[in-house]
Structures are given as structure tokens and as C-alpha cells.
Amino acid sequence: MAVIVLSNREPYAPTLQADGRVRWTPSIGGLTAALDPVMQRDGGTWIAWGEKHPQITAVDLPPGQPRYRVERLALSAEEVRLHYHGFANGALWPMSHYFLERAQYRAEEWAAYRQVNERFAAAALRQYRPGDLLWVHDYQLALVPGLLRRHLPEARIGFFWHIPWASQDVFRTLPWDREVLEGLLGADLVGMHTPAYARHFLDACERTLGAEVGNGTVKVGARTVRVEARPIGIEVQEFEQLAAAPDITARAQRLRDNLRTLMLLCVDRLDYTKGIPERLEAFRSFLERHPTARGRVTLVQIAVPSRQEVGAYLKLRQQVEGLVGQINGQFSRDGWTPVHYVYRGLDREDLVAHYRAADAMLVTPLRDGLNLVAKEFAASSRDGVLLLSRFAGAAGEMPGAIEVNPYDVDGLAESLLRALRMPLEEKKARLERLRASLRSSDLKTWTAAFLRDLAGPDALPEELVSLGARPLLIMCDYDGTLAPIARVPRDADPQPGALEALARLLHHPAHRAAIVTGRRSVQVYGFLPLPDLYVVGLHGMEWPETSPPAPERLVIESLARQFPAAPGLRIEDKRWTVAVHYRNVAPERHAELERQLDRVVVPPGWEVIPGKLVREFRPAGYGKGQAVRTLMAAFPGRLPVYLGDDFTDEEAFEAVNALGGVSVKVGAGPTAAYSRLTSPASVVALLTAWGHHA
Ligand code: ADQ
């Protein structure tokens, strides 16, 4: 299985050397960093616009040790003008960033956009082999999934939209709203940066297309498209390591020494969405209101040139440079220049040195899909403060930042003051919080998770699927088998599709299904509200429609009388067993309490199972193995199948093995089971397949 990536920008760009040879350098930006390592590992094809040196139509990369191929599409000057500068950057980009006054909707540009999307799709179709994953990126290629789907009904197609998805009132200004939505819905999985964007997209599908929309899903004929918030991460470790490197530390120190003042840093593509003029106005207001700051604070604005062919960007550059000139003209004195303006991109080392040197980082877009600069700063800085616009997608995931409103010039100036006066301990604590959240989902995790979820459950072993032709007694564990393991037991929601698969099995003419779990059965009915489902709880002690025999209840009552009393002690009567929890008892009382519990007289036929700050008193001789044997006796004439993931399922595997049944371990690890599936998703796929067997 190979990956085919489609994006407007290519992962490496060519430059012609003096000796006539071409050098390939990685493109700046998250996409190359996200996907190049996967492509290098697994191979595949990357289809992109070959902007420079279009006569090179394909290249094997990376240079030196080629692992994958880049197919470079040469766009004509007309296509670049109408598709790229026109529809993509003159219509979709401003509209999605809520700049409606800048959006121009022209039929001629839309036609070129469609044509270029068709060319990308055609290139992918030439490369595609059954089983490949197709991953399309961003707003320049919104129609590609739909175009691919027409030819490849079975293919797995993913799409990631890197910019905001505007609310429906704004999106519906687009004359081709239906076509764009239908194009994207050719994918199986559509990723966005924030839950709000995903909601807006679902809203558009419902209202513009009249599609049936569920919680994160859209029905398109027989297909279900998943729509999910999956904010992209950065290479946290690489930034942390680079920031700690001695030469970068020294470079940062030199930057501080040269400035001789506090440093406010701004790093952006020169784009009107990034709020650069508004930020400069805020800095001017700050200097006006706080004369003592003059000569003590410098704003360093690094702006990468961008889309210079578009009129609006040229105007923006003039506006920014005009403002820089005005502020410097108004306030410069004694060798201090308030704004340092750099109109070029920095390489990564230099960028990180700036992040480390900054006392405060101003990320104040008027609207931004996510904003990687904010994350990169948080990973690199040791003692800086991040001021982050509430209109950047990243704001929702960066709890340690000072949230600012870029439209509120005075408020922004006040936040600047607060940042510069913040005590060091608070700065460090905020950076630590930021870094903890960055680490929890970095770029590698993002890429791997998207591709894994796009690939879906592994192909099911045919020998398991074909069992569905015989009458089966299907016995399943719950946690880890029908539900992904959750951190807190009450959050263990079933794997999507599990409920439907079980509901279907309940009405199947030949099969029977039962759940065998360590939980109380009521909890399982809470997750799987199917009153007819046969659930055996408490490791085989709790059976449907039965009560504990009276003697057992008497035992529980006699035990309860022996338990010591202590503040915080909780006695959980599970009806069949009884557990004493002392997690909330003061730790200095634990030893004494344990001694008292040791003295409790355990009745004959009962046992005590010690756990983590809990002791469970229960009748001996139960377990999932025994439960499986009882079930098999109750449902004779069916082939028993047991699916489980846990250590406690091993005796159940042995029980079915002994009777010629089928045992299936879910996940890794040594086991007595004969077959294996990788995840609850595969279990659900298998149950679904059995449910559909006539
Ligand atoms: P961009 O609008 O390009 O990306 P952003 O995410 O801030 O914005 O930056 C992308 C990359 O460019 C970062 O890795 C950054 O380091 C680099 N960069 C920016 N300015 C630079 C400079 N002056 N010098 C050197 N490098 C610079 C789009 C969306 C974003 C979304 C990304 C990823 O607009 O909202 O976060 O895609 O999905």
C-alpha cells in the first residue's frame, strides 16, 4: 500500500546552481515536515504544481537517497493567473477568512479552477493502484476528491482543509458552494483544524446540499463521510532540541545584545489575514500611552514575501512599510529604532534563535486556520510570553497564551504591557502548560493518525469472515474489544458501529451474541442500550434475569458488619460481590485499615481479591472461562467464538479452544487464542460482516 499525496505546493523546490545542476531544497511550511518522513519511509507519489523549472516533470526525492516520486504538474501562465491567483487566492482564501469585501467570484476563474483540479485528479488516477491511500490537501484542490471518487468508488480518499471553514452565512456567498461541497464529499475523511470549522462544514452540507448529517458524519448515497477536527501539530522535539543547542543559544544572545531593549517578535507570511497593520497600530498606541517604554522595547517584524503578483498583497506591503516608516519617524531617538522590519523568510535556525531571543511573541491574525508560528514559539522559548489572537484556530488549544483581540487596538496595547511585566515564574509556568499540550499531539502523531484512520481497520482474515456462514455463538468482551480502552471507565464509549452490528446480530436467524465482561451488566447496557442483548457481568457471576442466591446475600451482609469504619471508606455493594475502597481514606490510616481488613473472616467458598487501594470479596470459582462453558451449554449446536483483549479473557480462549471453538485476541501480546485482530474497529467490522451473512 502506498500513499499518494496531492498538494498545490511541492515538498522540495528546485534551484539552478551555477554549475548548471539543480538543487532541491525542502519547502518551508508544515506540509513538507508532516509528510516527507512518511513518504520517505513508505514510498509513494506526491503530485504538486512544479512552479519553478516546469520542464522537470518528475523527480525522485529526497536528493541523495530517493524514496518517493514527485510528479510535477506544469501549469500554464493562464492557469496560474485564473486558478491560483484567481479562484483559490482571490475567492476561496478571502471568503474563508471572512474578508468578503476582497472576495471576487468570477466564472472564468472558477472554470480554470475546475480544469486544474481535473488535471491533478487525472495525474493521481495514473498513479493509483488498488489499496493505495489518496490524501488531498487544501483549498486549491477542493474538487479533487469528488473527481477521484467518480473513477474509484472503492478507493480510500482523505482531505485536509488547512484554512478556516467560514460560517454558513459567509460560505453561501460563494456561487459554486454546492460544487465545492460535493467535491470535498468525495473523500472518506475530511479533516479541519477546529471543532467550529467542522461544525460549519457540516452545517453547509445540511443546509446547502440537504444532506443527512450526523455527529461528525455526512451521508452521501451509500457512503458515510467523516468530518473531524484534527489540528495539525509541529515537530515539538526538533524545536526543543534546536532551541537548546549552544550555537542557537549564542545566536539568541547576540540578537538581544544588539537590540539592547526588550524584544517583541512577529513572524508572518505577509498576508492581510495576519493583522500586521493592526498590530503596528497597537504598538504605536502603546508607545504613545507609555512614554517610559520608548527606547526600552523594540518590535521585530519578520515578513515572508507572499503572493506578490496579487494586487491586494502589493498594497498591503506598501501599507505595512508606510506604517513602519511613520512609527520609526515619530519615535526613533538616540540610536533606538522602534520597529525592525525584515522582508524575507528566515531559515529554521535563525527563526528559532529569534523565538528564543523574544520577550514576547505577537501572533495576532484577524483570522487564521490554525497558526504554526504560535506553536513553534511555544516549543522554542524559555522565558517569553505568547500573545495569541482569539481568531487563530490554535487559540482553542493553547491554554498558556494571553488571548488578545486584534481588532481592539487599545486592549492589545494593554496586553503588551501585561506581557512585558509578567514575572519570570509565571512565564515559565505558562510555557510549561503550552508545551505539555503541544507534546500531547505532535506532527508525527497527526500524520500517522490521519493515515491510520483513513486506512480503516485491517483487512479481515477471510477464515474469520467465512465463519458467518455457520450458526455462531458469538461471545465478546466489552472494554478493549467492543470499545477502545478509556482513561476513565465511564468514558468507554463503544466503537462507532458496534451498537448497529450487535443490534443486527440480535435479529439474525442463526447467530446468537453475548457480552462477557468484568463490569456490572447495567453499565454495559448504559453503553449499549439493547435490552435483548445477553450480558454476563462481573466475570461470570451476574447473569440476565437472575439474582444472587439468598445465601450469598446473607454472606455479603455478614461481611459488611465486619468492615471497619473510617472517614473516606467506601463500601460498594455490587449485589454479587462487595468491594471496600479506601482510596479516599487518609494515607496514614491505610496500614491500620489493611490490618483490620486482614482480620475479616472470609466465609467458606469465598475469596478476597486485593486491588489498588481496594479489596473485593467474592465467591470463588467464577471467571470468564466458567462463563463461556455455561453459555456454550445454554446454546448448543452453535460454533462458539470468543473475542477478547485482556488477561482475564485468556481462560475464556482456553475454554472455547477445548471445545473446538474459535478464539480471537484483540491487540498485541502473548495469548492462547488462535486468531488475532488489531483493534475494536476490526472487531466491529467482523461482527458487521457476520450480521450480513444470510
Ligand atoms: P500559513 O498561512 O502559511 O499556513 P502558518 O501556520 O503561520 O501560516 O505558517 C506556516 C509556516 O511558515 C510555519 O512553519 C512558519 O515557521 C513559517 N513561516 C512563517 N513566517 C515565516 C518567516 N517570516 N520566516 C520563516 N518562516 C516563516 C496555512 C494556514 C495556517 C495553518 C497552516 C498549516 O493559513 O492557519 O496553520 O496552513 O495547516
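**View 1. Tyr-68 in strand E6 is the bridge partner of Leu-61.** This close-up comes from a predicted model. The two strands here are E5 and E6, and E6 covers residues 68–73. E5 and E6 pair in the antiparallel sense. Four bridges link them.

**View 2. Helix H1 packs on the sheet.** H1 spans residues 30–42. It touches strand E1 (3–6), strand E4 (44–49), E6 and strand E7 (133–137). The direction of H1 makes about 145° with that of E4.

**View 3. Ten strands form an open sheet with mixed pairing.** Read across it in this order: E5-E6-E4-E1-E7-E8-E9-E12-E11-E10. Strand E5 (58–61) and strand E10 (212–214) stand at the edges. Each has a single partner strand, so one side of each is left without a neighbour in the sheet. From one strand to the next, the twist averages 20°.

**View 4. Four strands form another open sheet, with antiparallel pairing.** The order is E22-E23-E25-E24. Strand E22 (570–573) and strand E24 (606–611) are the edge strands, and each pairs on one side only. Neighbouring strands are turned by 15° against each other on average, direction ignored.

**View 5. Glu-572 stands opposite Ala-579 in strand E23.** E23 covers residues 578–581. It runs antiparallel to E22, and four bridges join the two strands. Strands of a sheet pair through backbone hydrogen bonds.

**View 6. Helix H20 lies across E22, E23, E24 and strand E25.** The helix covers residues 550–562, and E25 covers 614–619. H20 runs at about 55° to E24.

Notes: Residues numbered from 1 in each chain as written. Predicted model: local features only at pLDDT ≥ 70, side-chain atom pairs only at ≥ 80, totals over all residues. Heavy atoms only, no water. Pairing = 2+ DSSP bridges. Axes fitted to C-alpha atoms, helices over the stretch in contact; angles between N-to-C directions. Contact = heavy atoms within 4.5 Å.
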